[in-house]
Amino acid sequence: MKTNIITLFLILQSFFSVVLSQNIKDGFNIYTKKNTTWFSDVNVEKYRNRPRNIKGEDAVNPSARFSTPEKLKKIEKEIYTLNEMNLYMNYFPMALFTVNAKDGKILTVTFTFDDLPDVSLIDTKKLAKLREKLISEIMYEDLLFNGQKAASGYMIQGVRLFKP
């Protein structure tokens, strides 16, 4: 009986140490890998299937048009001050979109910052607001693979943030 209790305790301790060691805040899994700090959308794992054509084959050679860089700038200015944008530009900020290959809608947004000295420099509440506005107001248009629309799947597209 004592062995079972000790074993159960060790299993629970291992489980909680893994769960509690993850840094999840405001819908982002936050981690640093090779000098890049990732604010990864917690929903990104839901959308991993590659784009497929109507025959079920891999859809290749994507071409798309980002709906509007001007709209991106407007959204950034609605959420961030000029000082914040200037600070973040130093860390080569990127937004990585998971895009529905069938219709061009953005489903998740992950953010990266290079050589960020301290994760606390990033306001995750504002980052979450930026994510929600990008998902609701931005999309990729004319998304084609070898000149045809995809039947299913997802793709990753990136865009630089806070460009002057």
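The largest nonpolar core holds 35 residues, of which Phe-39, Phe-97, Phe-111, Phe-113, Leu-127, Leu-130 and Leu-134 touch the most other members. Such a core is a set of buried Ala, Val, Leu, Ile, Met, Phe, Trp, Tyr and Cys residues joined through side-chain atoms within 4.5 Å; buried means under 20% relative accessible area, exposed over 50%, and partly exposed in between (1.4 Å probe, protein chains only). Two or more residues of this core come from each of β2, α2, α3, β5, β6, α4, β7 (140-145) and β8.

The model is predicted: local features need pLDDT of at least 70, side-chain atom pairs count only at pLDDT 80 or more, and totals for chains, interfaces and linings use all residues. Residues are numbered from 1 along each chain as its sequence is written, and side-chain values use heavy atoms, with hydrogens and water left out.

The protein contains 4 helices and 8 strands, where helices (H or I, at least four residues) and strands (E, at least two) are DSSP runs numbered from the N terminus. Their order along the sequence is α-β-β-β-β-α-α-β-β-α-β-β. Of its 164 residues, 34% count as buried. Among contacts (heavy atoms within 4.5 Å) with a separation of 6 or more, 74% join residues 24 or more positions apart. Leu-127, for example, touches Phe-28, Phe-39, Tyr-80, Phe-111, Phe-113 and Ile-122, leaving aside residues up to four places away in sequence.

Helix α2 (residues 69-79) buries Leu-72, Ile-75, Glu-76 and Ile-79. Viewed down the axis of α2, these buried residues fall within an arc of 100°, so they line one face of the helix; the arc is that of the directions from the helix axis to the C-beta atoms. The cover over the buried residues of α2 includes β4 (62-66), α3 (82-89), α4 (124-137) and β8 (154-160). Exposed Glu-70 and Lys-77 sit on the face of α2 turned away from its buried side.

On a 1 Å grid over the protein atoms alone, a pocket is an open set of points where a 1.4 Å probe fits, with protein on both sides within 12 Å along at least five of seven lines, and lining residues have an atom within 4 Å of a point. Of the 14 lining residues, Ser-40, Val-44, Glu-45, Arg-48 and Thr-110 are the closest to the centre of this pocket. At least two lining residues come from each of β2 (28-33), β3 (36-41), β5 (94-100) and β6 (106-114), and β3 gives the most, with 3 residues.
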